[in-house]
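Subject: Handover of a structure and the findings from it

Dear colleague,

Please find below the sequence and the structure that I am handing over to you. My notes on what was found follow directly after them.

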Amino acid sequence: MTQLVRPGATIGIIGGGQLGRMMALAAKQMGYRIAVLDPTPDAPCAQVADQTITAAYDDLEAAKRLAEISDVITYEFENIDEETSRQLTEVSDFPQGFHVLGVTQHRLKEKEAIVGLDVPVAPYAAIDTVGDIAFAREKIGFPAVLKTCRGGYDGKGQAVVKNESELNEAAEKLLLQGELVLEAWVPFQCEISVIVTKSRNGETDVFPVAENVQKENILHRSIVPARVSEETEEKAKGLAIRIADGLGAVGTLAVEMFVKEDGEIYVNELAPRPHNSGHYTIEACKTSQFEQHVRAICGLPLGSTTLLSPVVMENILGERLERLLESLGQTKHVNIHLYGKKEAKPKRKMGHVTVLGRHTDACEHKLDTFWTEPTLH
Ligand SMILES: Nc1ncnc2c1ncn2[C@@H]1O[C@H](COP(=O)(O)OP(=O)(O)OP(=O)(O)O)[C@@H](O)[C@H]1O
Ligand SMILES: [Mg+2]
């Protein structure tokens with residue numbers, strides 16, 4: 001049976017960061033109302049929401065209150081626990097459910113699920129205790145990347161290790177945060193991501209592949225079209241769809257991948273929500289990842305994912321914000337998105353800019369000169 005949540009209804013969003021804010025802005029454009037739950041007062045999404053609940057994510061009563069005032073619930077924050085999810089499903093309409101959250105909250109479970117769908121990942125080994133280190137070292141070798149199973153983002157909770165003593169030292173520290181995965185270092189040619197959307201009514205669509213340039217483990221730029229062969233583009237999309245189907249995902253699933261010199265693709269990790277590398281879709285695709293997500297959870301037909309123009313998106317971290325604000329008068333060819341965060345801490349994602357052009361090289365050039373010679377723009 002097709003299910004439809006009509007405009008006018010209230011979408012409840014768990015998590016009030018920039019992803020929630022951009023989701024809310026897309027939903028409001030379509031006529032929905034927004035309720036948001038976030039621990040911080042005046043969070044980016046709360047600034048544009050109709051109703052806000054300021055409470056911790058594990059506050060069951062608060063989650064129930066959100067469910068009561070919402071017709072459908074979604075999230076931008078993926079560390080929602082199973083009990084909260086169960087309550088949400090009981091009290092409200094939570095089409096995404098807990099299954100995909102449960103898998104993607106845990107790196108090891110995530111890798112096992114991906115491998116189970118016959119999709120390659122980098123060789124890995126689990127480290128639950130100090131006693132597992134030797135076996136993992138023998139299996140994976142060096143260099144390798146040691147990662148916590150839970151809670152990592154923007155490179156937090158991981159360490160690149162080049163020899164036994166670095167591994168021992170890093171493992172001892174990181175084991176304090178819980179189980180670990182040791183992963184072989186992948187000598188990739190580039191990193192890409194694919195955003196796939198599955199509607200609650202079973203429809204699936206995928207956005208153009210983004211090429212992602214990281215700086216200090218934080219996404220710096222997304223370049224679209226990615227500079228990969230057509231074959232790699234199609235293969236990457238196929239893998240993302242296979243994972244979304246195999247996991248029974250609803251809504252948005254972002255799949256991060258490494259592309260090796262020989263064209264082989266390894267999946268790095270999944271995010272069951274709109275993704276930083278999909279912000280380019282706001283200006284450059286017929287439908288943005290955020291509108292697509294709203295369509296998917298509300299049961300509307302999915303929109304077209306056609307790319308309208310080559311594009312480059314660059315993140316604005318705290319240390320760059322002042323510079324951006326100084327150049328505001330020169331931003332004619334740069335689309336600005338700021339998230340309304342109060343404090344511009346270093347490495348904090350404060351906003352992003354997007355540049356469209358005839359070719360991605362030209363977009364990159366425009367961005368480079370924007371920072372170095374802003375008066376030219
Ligand atoms: N096995 C690997 N081989 C090579 N590079 C890697 C590997 N694992 C991670 N990296 C690099 O570190 C970055 C961050 O890794 P990963 O995506 O696992 O971390 P994260 O902290 O969960 O990041 P995110 O903010 O994307 O959630 C990757 O985008 C990649 O550039
Ligand atoms: Mg990542």
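I begin with the ligand: an N or O atom in the side chain of E269 is 2.7 Å from an oxygen atom of ligand 1. Such a pair is called a polar contact, that is, two N or O atoms within 3.5 Å; inside the protein, one atom must be able to donate a hydrogen and the other to accept it, and residues adjacent in sequence count only if both atoms are side-chain atoms. The side chain of Q158 has an N or O atom 2.8 Å from an oxygen atom of ligand 1, and for E256 the distance from a polar side-chain atom to an oxygen atom of ligand 1 is 3.0 Å. Taken alone, ligand 1 exposes 610 Å², of which the protein buries 91%; accessible areas are from the Shrake-Rupley method with a 1.4 Å probe, and for residues only the protein chains shown count as cover.

Please note that this is a predicted model, in which local features need pLDDT of at least 70 and side-chain atom pairs count only at pLDDT 80 or more, while totals for chains, interfaces and linings use all residues. Residues are numbered from 1 along each chain as its sequence is written, chains are lettered from A and ligands numbered from 1 in the order in which they are written, and side-chain values use heavy atoms, with hydrogens and water left out.

Surroundings of the ligand

Ligand 1 is surrounded by 21 residues, the closest being K147, D154, G155, E191 and E269; a residue is counted here if one of its heavy atoms lies within 4 Å of the molecule. The elements β6 (144-148), β8 (180-184), β9, β13 and β14 each give two or more residues to this shell. Helices (H or I, at least four residues) and strands (E, at least two) are DSSP runs, numbered from the N terminus.

Domains and nonpolar cores

The protein chain is divided into domain 1 (10-94), domain 2 (123-184) and domain 3 (188-376), with bounds that come from an automatic or database domain assignment. Taken over C-alpha atoms, the centres of domain 1 and domain 2 are separated by 34 Å.

In soluble globular proteins, nonpolar side chains tend to be buried together. A nonpolar core is a set of buried Ala, Val, Leu, Ile, Met, Phe, Trp, Tyr and Cys residues joined through side-chain atoms within 4.5 Å. Buried means under 20% relative accessible area, exposed over 50%, and partly exposed in between (1.4 Å probe, protein chains only).

The largest nonpolar core has 31 residues, and those with the most contacts inside it are I192, I243, L253, V255, M257, V267 and L270. At least two residues of this core come from each of α4 (99-104), α5 (107-116), β9 (188-198), α8 (230-247), β13 (251-260) and β14 (265-271). Helix α8 gives the most, with 6 residues. Domain 2 and domain 3 each contribute at least three residues to this core. Apart from it lies another core of 26 residues, including A24, M30, A49 and L300.

Individual residues

Which residues does K111 touch, not counting residues up to four places away in sequence? They are Y124, V181, E183 and N268, where contact means heavy atoms within 4.5 Å. K111 is found in helix α5 and counts as buried because its relative accessibility is 2%.

E233 is in helix α8 and is also buried, at 13% relative accessibility. A polar atom of its side chain lies 3.1 Å from the backbone nitrogen of V209.

G340 is in the loop between β16 (335-338) and β17 (349-356), and its relative accessible area of 30% makes it partly exposed. G340 and Q47 are 293 residues apart along the chain, yet their C-alpha atoms are separated by 7.9 Å.

Backbone details

A cis peptide bond joins F142 and P143, with omega about -10°; P143 lies in the loop between α6 (133-140) and β6. The peptide bond from V224 to P225 is cis as well, with omega near 0°. D42, a residue other than glycine, has a positive phi near 60°, and K347, also not a glycine, has a positive phi near 70°.

Yours sincerely
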